Amino acid sequence: MKKTVGVGKSHSKIILMGEHAVVYGYPALAIPLHQLEVTCQMTYMDMDVLWSMEYLEGVVSEAIRSACAYLGTYDWLNLVAEVRSSIPEQCGMGSSAAVAIAVIRAVFDYYDRELTADVLEDLVNQAEKVAHGNPSGLDAKTCLSDEPIVFRKEVGFETLPVELGAYLVIADTGLKGQTSQAVAQVASLGQEGQVLLSQLGDLSEAFIAGLAQVDLSALGGLMIQAHALLRQLGVSCLEADHLVAVAQEAGACGAKMSGGGLGGCVIALTDTEVAAQAISQKLREEGAVNTWIERL
Ligand code: MEV
């Protein structure tokens, strides 16, 4: 039985360590961000709708299409999604995965059909291929998780409590990130890129192992090294490099770009809320268009 309106929700994510390296099988650590959410309301419009190519080729229509194909219904062109999101687009915060999750949940809710976690993840990854090209699955998994996760492509994920008593400042450079271009650029580096990716993988492993010691300056040092390697891979940008330097000057234990890069966000680790607010303020003064503070 169809409902009048189907509803779906999801939340954002941020990668602490391991972006790009995760595409090559190295571990990544990412956390859900519950403060940034997407909701989708799905209704049926019983008339011909003239969709733009942008819509038809985007993640929303791909999510509707993959959900309808799974459910064996052909009316995907008549389903209208109203998406409301507080997650900035193309910012490294998983907006496309989060939107795909909310849309697919809304389609299943509209048809009043059960949606298992495995089917949802599969459909999200199908829709994500449009936005990402070759997603590792990390974004989808983190936006589906309520806990921080360690993710290894083709191996799986484990939840991992991150209890540092610390704060993460997230700052948007204001430049739209370009994940699929960045992933393709890394792939084109060949052997030289593989060496850097393996070093990034080692830093991720060290960060994950080091969480238990709660040594913020050691963890921050690993973030700074990771940022340097991401720069060498060519996926950072001047704005992100500048904000990373500003965060360090403002007293952060460590800072790095986060996500696909070529724009998007940087993250900075610090010990107290007061310090986080001061770093956040400094980052805004120095060009960040938005900042968020997350307890770690
Ligand atoms: C994008 O948020 C993270 C990347 O590692 C790509 C991926 O994992 O699919 C750059």
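Two strands pair if DSSP finds at least two bridges between them, and strands (E, at least two residues) and helices (H or I, at least four) are DSSP runs, numbered from the N terminus. Residues are numbered from 1 along each chain as its sequence is written, and side-chain values use heavy atoms, with hydrogens and water left out. This is a predicted model, where local features need pLDDT of at least 70, side-chain atom pairs count only at pLDDT 80 or more, and totals for chains, interfaces and linings use all residues.

**Exercise 1. Find the partners of strand S8.**

Work out which strands join S8 by bridges, and check how covered S8 is.

Solution. 
- Step 1: Start with S6 (residues 167–172), which runs antiparallel to S8 and is joined to it by 6 bridges. As a landmark, look for Leu168, whose bridge partner in S8 is Leu269.
- Step 2: Now go to S7 (residues 254–258), also antiparallel to S8, with 5 bridges between them. Here Ser258 sits opposite Cys265 of S8.
- Step 3: Check burial, where buried means under 20% relative accessible area, exposed over 50%, and partly exposed in between (1.4 Å probe, protein chains only). In S8 (residues 265–270), 6 of 6 residues are buried. Cys265, Ile267 and Leu269 point one way, while Val266, Ala268 and Thr270 point the other.

**Exercise 2. Walk around the ligand.**

Which residues are closest to the ligand, and what polar side-chain atoms face its oxygen atoms?

Solution. 
- Step 1: Collect the shell, counting a residue as near if one of its heavy atoms lies within 4 Å. You get 12 residues, and the closest are Lys13, His20, Val22, Ser136 and Asp139.
- Step 2: Sort the shell: 4 nonpolar, 5 polar and 3 charged. In this scheme Ala, Val, Leu, Ile, Met, Phe, Trp, Tyr, Cys and Pro are nonpolar, Asp, Glu, Lys and Arg are charged, and the others, Gly among them, are polar.
- Step 3: Look at distances to ligand oxygen atoms. A side-chain N or O atom of Ser136 comes to 2.6 Å, one of Asp139 to 3.0 Å, and a polar side-chain atom of Lys13 to 3.2 Å.
- Step 4: On its own it has 300 Å² of accessible area (Shrake-Rupley method, 1.4 Å probe), and the protein covers 99% of that.
- Step 5: Come back to Asp139, which belongs to helix H5 (residues 138–144). Its side chain also makes a polar contact of 3.1 Å with that of Lys13. A polar contact is a pair of N or O atoms within 3.5 Å; within protein, one must be able to donate a hydrogen and the other to accept it, and residues adjacent in sequence count only if both atoms are side-chain atoms.

**Exercise 3. Buried or exposed?**

Decide whether Ser280 and Gln225 are buried, partly exposed or exposed.

Solution. 
- Step 1: Find Ser280 in helix H10 (residues 273–285). Its relative accessible area is 9%, so Ser280 is buried.
- Step 2: List what Ser280 touches, with contact meaning heavy atoms within 4.5 Å. Beyond neighbours within four places in sequence, that's Val169, Thr291 and Ile293.
- Step 3: Move to Gln225 in helix H8 (residues 216–232). Its relative accessibility is 43%, so Gln225 counts as partly exposed.

Technical notes
Contact = heavy atoms within 4.5 Å.
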